Amino acid sequence: MLNTTTNLRNYYLIISLLSLAIVTPYAQNANTAPWPLDSFSKAAHTFEETLQIFHDKKGNTPFEVIKGKGELFSADNTIENFQADQVYWAKLNLRGSSKKTANYLFGFSTIRWGEGWQYNDAWLVRADGSVIQQQSGFGLSKQEKSIPSAANLARFEIKQNEIVTLYVRYKGAMKDKKRRPKRINLSLLKEAMHPTLFEGYPFKGHFSSKHLFERIPFDVNFFINQEIYVDASGTVNIDSIAKNWNQLDWKDVYSTKPVSNQVYWIKTRFYGSPYFNGEQTLYTPYRYGFDYVDAYWADGNDSYIHQRTGDKVSLEERPFNFWANFIKLDLSPIDTIDLFIRMEGLDPNYLTHQIALGHVDPSELFPNQVKEAWENGIFYGILSIQGIFFFLLFLIERERIHLYFVLFVLGLFFVFGFSSDNYFMFVPFPEGKNISATLMILGFFLCEVGFLKFTETYFNYAKASFISRWFIPVFIIIAAIGNLNAWWNYKMTVDYYYYAIREPAFLFALLLILISLVTGLVMAFIAPQQKNVSKKVFLLAFLPLLISSIFMNGHFLLVHFLLDPYILDLPYNGFDIYRIAIIAMLTLLAVSIGYRTNRLKADKAAALQKNLADQQKMLAEQKQINQAISRFVPNEFLAALGKTNITQINLGDNTEKEVTVFFSDIRSYTSLSEQMTPSENFRFVNAYNARMGPIIQQKNGFVNQYLGDGIMAIFPDSPTDALWAAIQMQQILQNYNQQRIQEGKKAIQVGMGMHTGSLIMGITGDKNRLDATTISDSVNSASRIENLTKYYGANILLSEACLKKMDDQTTFKLRYLGQVQVKGKQEALKIYECFDGDLPEMIDLKLATLADFEKGVELYFKQTFNEAHSIFKNVLRQHPADLTAKLFLTKAKWLMETEVTEDWTGVELMEKQ
């Protein structure tokens with residue numbers, strides 16, 4: 001649905017409006033030099049830099065005053081300051097042709113096509129001071145205008161080399177609720193190039209469109225000057241219409257807004273000429289067809305020649321065995337024919353903007369139709385072959401990716417095959433229009449679902465991932481509701497390209513397509529590297545589509561808005577390039593599916609062999625590891641007991657010391673381990689511990705126990721050692737994560753907590769099995785503080801007891817988080833976050849917001865929740881990733897809405913062990 005602009009651009013209003021879109025700087029001072037008419041060579045010219053404007057705010061300044069006061073006028077700035085309900089005057093200095101005296105045709109409108117002014121008065125002041133006046137405007141009947149035309153025109157004779165001044169008064173800009181006029185427009189028109197502006201259609205052999213604006217595959221001149229009668233009862237016959245036409249309340253094309261439940265009659269008078277001679281092909285209505293179109297003209301024997309066409313008329317019964325509503329008219333150079341056309345049954349889903357009769361250029365009609373037929377046949381044939389092939393492949397292999405690809409292809413087939421574009425292009429099955437809206441919007445939904453599910457499967461997203469578990473299912477539900485709503489409210493008009501975006505239902509349906517496309521590409525970018533998946537091929541598949549979209553939209557902008565289309569006569573072939581891009585995309589995606597399938601099969605066979613070998617090796621290694629672990633006691637533990645050798649320990653040996661207990665834990669280890677074999681789990685834990693254990697030893701601590709995904713360590717000397725160890729471990733973790741990401745693995749996060757207090761270390765067990773153990777509330781407290789890192793979204797937490805034992809607290813970057821009472825403890829623990837181990841950019845943001853954060857915490861515990869909420873919002877504006885600030889913001893908001901008890905202290909009771 002990319003080409004629904006209006007064909008009436010071929011004529012005065014359209015040409016003048018498109019010419020206005022030429023991007024040139026407006027002169028700061030009006031150019032008063034006469035514009036030479038010798039330079040007029042195009043079909044139309046719109047005056048910009050040479051036009052001077054006077055804003056008549058009172059609206060009653062007479063021409064005699066205007067004429068004598070040139071200082072009232074200044075450079076045209078109405079595009080920035082236009083007021084549709086005001087009166088404006090335009091002044092233009094002109095110099096006659098150096099070769100001849102000639103008549104010149106001027107047109108007046110606003111920048112929007114099909115709109116103009118209720119009243120236009122034009123005065124031409126000659127060099128000798130004489131004045132010629134003409135009037136126009138939609139507020140006048142054609143008979144009251146100086147030129148009897150539905151458009152607003154004036155014609156003046158300008159003598160050879162004569163310098164004249166043209167004054168035009170503009171009053172009553174026309175507008176409707178969707179479109180607003182935007183400025184003054186004054187155009188000079190080549191009269192022979194615009195025969196449809198005049199009664200009798202003085203055709204000189206010019207067809208103006210040349211496919212520049214439309215997907216209509218033939219050249220056509222649409223008539224401006226025709227009379228339209230609305231037959232409300234639908235019962236008026238041709239005899240009554242022909243005899244009483246002058247007494248009927250008929251209207252012009254601009255004041256008639258077509259609706260689906262009315263019957264319309266149009267009357268157009270044709271005069272034969274050497275150019276308008278012989279069999280002619282007429283086209284009606286403007287774009288989308290009526291159910292029934294009946295044409296009548298007198299046969300000279302008090303009867304009428306009758307032709308019938310229309311969407312519900314079989315091709316065999318039509319004047320032309322053709323999809324469009326064509327009428328065949330035969331006349332000689334001396335004929336005068338009054339053509340009456342009755343139209344009934346306009347499709348409510350495809351409302352034309354105007355009812356217009358067109359004259360078709362037969363020399364380009366059927367060659368272009370053959371070209372359209374071949375292009376459509378090749379395009380839809382390739383789509384069909386790909387869809388059928390992968391559907392059969394799905395039935396054979398039962399691979400879901402093949403089914404999702406079929407849904408995507410079927411959606412594209414429906415979107416392109418049943419869009420509104422097809423009903424003013426080549427249409428092999430015109431009756432398909434009855435279900436086109438349904439199938440087109442169904443195509444939207446199938447494209448969205450098929451593409452997202454295809455991408456999800458292609459990149460092997462885990463079922464537990466956020467995208468697979470939440471985003472895609474929620475999006476599918478929203479897409480189903482959104483597209484159903486768009487279908488329910490669907491109505492297509494020729495205003496679509498410019499104004500459909502103001503219809504929320506259809507705008508939302510189009511937005512869903514964009515979201516699905518962007519989401520799929522993002523999923524491709526963020527997916528981990530996998531040897532059986534080619535990201536390059538997947539992303540390369542969308543490159544042709546991207547390039548063609550830029551070409552289409554760029555060409556449309558260039559031709560329709562930035563350049564005069566009569567200067568740059570480029571073919572509008574972007575739609576064909578777009579379809580080629582679709583085929584290229586689907587072909588590359590099909591290739592990538594084959595590549596993925598073959599690699600998966602090869603990897604599956606190799607993995608089976610490797611797993612058998614790994615299991616045997618793992619059993620042998622596991623036996624040795626268990627033997628070693630069963631006898632392992634840290635040397636530091638022995639030293640604390642006053643022992644130098646493990647053989648010296650005895651059951652019951654113990655000692656009490658004040659130490660700092662440290663715990664660390666890998667976040668979400670369970671889900672991470674589920675994606676690895678036991679051997680891979682073990683190698684991962686060893687790789688992790690190999691990086692972390694030495695740091696603890698370097699900082700005068702020792703590992704009391706490796707807990708699989710966690711570490712318990714003891715620092716006998718100072719909590720400063722423990723905190724430095726935690727910081728360095730976080731920094732080493734950052735480097736380790738970079739390595740994992742490069743290997744296509746997920747980054748890991750580790751929470752660390754510590755507490756200082758008394759601890760009993762000793763040997764427990766029995767005579768056959770000894771174990772080094774620690775017994776103390778300090779161990780429980782440290783463990784629970786570590787667990788709080790998940791709650792606060794922090795990497796390192798420590799208790800106030802640790803801080804009090806440090807030599808210099810100012811060495812570290814700390815934030816106070818409040819008091820926490822863990823289960824089984826009577827006294828609350830004050831908790832602090834140390835963020836020295838965060839990523840550098842996170843440290844900078846936390847330092848930048850530290851003052852606000854601390855102020856927010858202070859206000860929070862003073863129960864000033866409104867102010868705390870505001871401060872935490874400010875923190876998050878600067879640092880949106882601050883999870884701790886988000887927690888306080890959430891709690892402050894909840895407490896703002898909840899009545900706080902008198903004994904509230906802000907102490908968090910953590911029930912979790």
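Visitor: Is serine 273 buried or exposed?
Guide: In this predicted model, serine 273 sits in the loop between strand 14 (263–271) and strand 15 (278–283). A residue needs to be under 20% relative accessible area to be called buried. Serine 273 has a relative accessibility of 16%, so the serine counts as buried.

Visitor: Which residue has a backbone nitrogen that the side chain of serine 273 reaches?
Guide: Leaving aside residues up to four places away in sequence, serine 273 touches Phe203, Ser332 and Pro333. Its side chain also comes to 2.9 Å from a backbone nitrogen, that of phenylalanine 276.

Visitor: How many residues does the largest nonpolar core have?
Guide: Helix 7 (433–458) and helix 13 (574–630) are among the helices that each supply at least two residues of this core. Phe405, Phe454 and Met585 are among those with the most contacts inside it. Methionine 585 touches Phe408, Leu412, Ala541, Phe542 and Leu545, not counting residues up to four places away in sequence. The size of this largest core is 51 residues.

Visitor: How far apart are the end C-alpha atoms of helix 17?
Guide: Helix 17 covers residues 719–742, which is 24 residues. At 1.5 Å a residue, the helix should span 34 Å, and the model agrees, because the end C-alpha atoms are apart by 35 Å.

Visitor: Which residue caps the N-terminal end of helix 17?
Guide: Look for a side-chain oxygen 3.0 Å from the backbone nitrogen of threonine 720.

Terms used. Residues are numbered from 1 along each chain as its sequence is written. This is a predicted model: local features need pLDDT of at least 70, side-chain atom pairs count only at pLDDT 80 or more; totals for chains, interfaces and linings use all residues. Side-chain values use heavy atoms; hydrogens and water are left out. A nonpolar core is a set of buried Ala, Val, Leu, Ile, Met, Phe, Trp, Tyr and Cys residues joined through side-chain atoms within 4.5 Å. Buried means under 20% relative accessible area, exposed over 50%, partly exposed in between (1.4 Å probe, protein chains only). Helices (H or I, at least four residues) and strands (E, at least two) are DSSP runs, numbered from the N terminus. Contact means heavy atoms within 4.5 Å. The expected span of a helix is 1.5 Å times one less than its number of residues. A polar contact is a pair of N or O atoms within 3.5 Å; within protein, one must be able to donate a hydrogen and the other to accept it, and residues adjacent in sequence count only if both atoms are side-chain atoms.
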